[in-house]
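Here is a short report for a reader meeting this structure for the first time. Please look through the sequence and the structure before reading on.

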Amino acid sequence: MKRSRIGVIFLSLLLLLILLALISAKYGAVEISNQEIWEALVRISKGQELMDLNERIFMQIRLPRVIMGIFVGAALAVGGVLMQALFRNPIVEPGLVGTSSGAAFGAALYFVLGATFQWNLGEWTLPVAACLGGICSTALVFYLSRSRNSSKSSVVSLLLTGIAINALFLSGVGFLSYIARDPQARSITFWNLGTLSGAYWQGVLFVVVVTVSCLLLSLRYAKNLNALMLGEQEAQLLGMNVNTLKMKVLLLNVIMVAVATAFVGVIGFVGLIVPHLLRMLHGSDNRYLIWSGALMGAVVLTASDLVARLLLSPAELPIGIVTSMVGVPIFIVLLRRTNYFF
Amino acid sequence: MKNIIACLWLSMLFMSCGRFSNEDKKEDHQERIVCISKQYAEIIYALGAEEDVVAVDLSSTYPPEIKELPTIGYHRALSTETILAMKPTLILHDNNIGPEHVVNQLEKLEIPMKTFGQYEPTIAGTDSLIQEMGKYFGKEAAADSLVNKLHADMEQALAQARQYTEKPKVLIIHFGRASNVYLVMTQKSTAARMLEWAGGEMAVNAERGMKQLSPEVVAAANPDVILLTDFGYDRLDKGNEIEKLPGISATNAFKNKRVFRIEEHDLVYLGPRTAENVLLIQQLIHNNEKE
């Protein structure tokens, strides 16, 4: 009975994702006919050059964007599942240990000072700057949260240090956008609200590889995370090395979130709300949460991107605005309807 | 700060939704030009070369009929698909467009893009730009008469400026205010040049074209005249709430009722109407001397 319910949730999420991905690939500001999509795919599979402008728009702009959305959504949601399980705390989101604010700082630094210092890796400059920012700030959180008398860092001090460092880096971003010229300040704002519109194939490939490998690795720790729900000492009594587990899970989360954020900017709320929605549906088993979290994260982000593109079509909203605007009401309604305990 | 920018940007976005739903009335045109520069757009209309312009960016607001065209959004927050939905055969821009990835995508898709020469922000530079664009659109005669009018008006303005004995200190506040911090134009901005031609001087100096000022600095600068751009002025209940602005009510400008509204597009770039606008500024800042 229990298994079949998970199966139903799984299958319906999968079907929903496929449906949304197809709609998302088909509709946008530029009208692309089914025939053009078909011809583009046929030409690509035969290794021919794409001739028509609409075919190229589909292959070079629309399709990478859809796939980017799916995997970034999965990465953020799985990050949220891992972090909430690790901290045993419902308000935790994947950026909590400083990752996304650090990434935002790295990106802002590039926008404001990039031209001065002549950093140039072409299309990769911005993602690399953001990713480095995310990793540095997280490393700083780890380092500062280690308590003086023992080498292990307690969960509470990690959480609080994370909040403090987040505030520090966000004020750094604020300072940079204050001293920035208007166009640079605009780029910072734009990036901080997230957008999938810059997706390109090499970036997509990178995000897919990182997300899939981290997802598979995190499944190995699902059972241990279940045991950790009992409490740190209890888990230790069960024979687990809690500190190694913490380090490994955090590392997975940081890599996934830093890479995803580096390519699309800061997208809030997905990592916070998706794990909760899934727990409301079917309890807190992390093995179930990781898989279905990946699917539901992908569904939520694909749907948000579709709304971001179609709401004011032909204009486009930053996706970070949509995830909260659409996500919050749904979340509140569900929260009030169900007797939900973390 | 981030939030302020985001709010401004969003409110602009929503206020301008109307222009996004403008109907494309030029669907049958072979040439389809998307113009992403307010300066170019005004010159194109002044030359009478607007026939094939199918869409413009949000900040292009002059002449008024330009608002009937569909828009592709704010020039620093463009979207590739939005532009391509206009089926452009040519994109005109002045290198002040973004975000970067959109420009990259357009280049990869080999959409023709053109930028006219970058000239000095002077009357001579504006001449060159108008002449170059006139040549490009085959409207040399129109370009010549625009340039002539520009020079004639400018001479008049400069001659009048020499007659004024006073040089009023002018503060130009852009967009009104956000959390009591004023965004003002400085001596590095285009507006400062126009103000100098008009025979006035900027009340504040800074290294960049725009600067945020606290109400205290505004009060200390004590400008003789304050110009508010349209958006900020209109938000202050058509100017009736100006006295509530902190720092402003202590200035000479407010005491002598010399706080005026000015259209943003008359101040932020040079174009065929620049000399006319200088005359307009002259009227605003020197109007007490005539009486």
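## Basis of the model

This is a predicted model: local features need pLDDT of at least 70, side-chain atom pairs count only at pLDDT 80 or more, and totals for chains, interfaces and linings use all residues. Residues are numbered from 1 along each chain as its sequence is written, while chains are lettered from A and ligands numbered from 1 in the order in which they are written.

## Chain A overall

Chain A has 14 helices and zero strands. Both kinds of element are DSSP runs, numbered from the N terminus: helices are H or I with at least four residues, strands are E with at least two.

The C-alpha atoms fill a box of roughly 65 × 60 × 40 Å along the principal axes.

Of the 342 residues in chain A, 49% are buried. A residue is buried if 20 or more other C-beta atoms lie within 10 Å of its own, exposed if 12 or fewer, and partly exposed in between; C-beta atoms are placed from the backbone.

## Where the chains meet

In all, 28 residues of chain A are in contact with 26 residues of chain B. Contact means that the C-beta atoms of two residues, placed from the backbone, lie within 7 Å. On the chain B side, α1 (2–15), α2 (17–20), α4 (80–84) and α5 (100–108) each supply at least two residues.

That side of chain B has twelve nonpolar, nine polar and five charged residues. Ala, Val, Leu, Ile, Met, Phe, Trp, Tyr, Cys and Pro count as nonpolar, Asp, Glu, Lys and Arg as charged, and the others, Gly among them, as polar.

## Helix α6 of chain B

Helix α6 of chain B covers residues 123–136. Its 14 residues should span 20 Å at 1.5 Å a residue, and the end C-alpha atoms are 20 Å apart, which agrees. The expected span is 1.5 Å times one less than the number of residues.

The buried residues of α6(B) are B:Thr126, B:Asp127, B:Leu129, B:Ile130, B:Met133 and B:Gly134. They lie on the same side of α6(B), because they cover an arc of only 165 degrees around the axis. The arc is that of the directions from the helix axis to the C-beta atoms. B:Ala124 and B:Lys135 are exposed on the other side of α6(B). Just after α6(B), B:Gly138 takes a positive phi of about 70 degrees.
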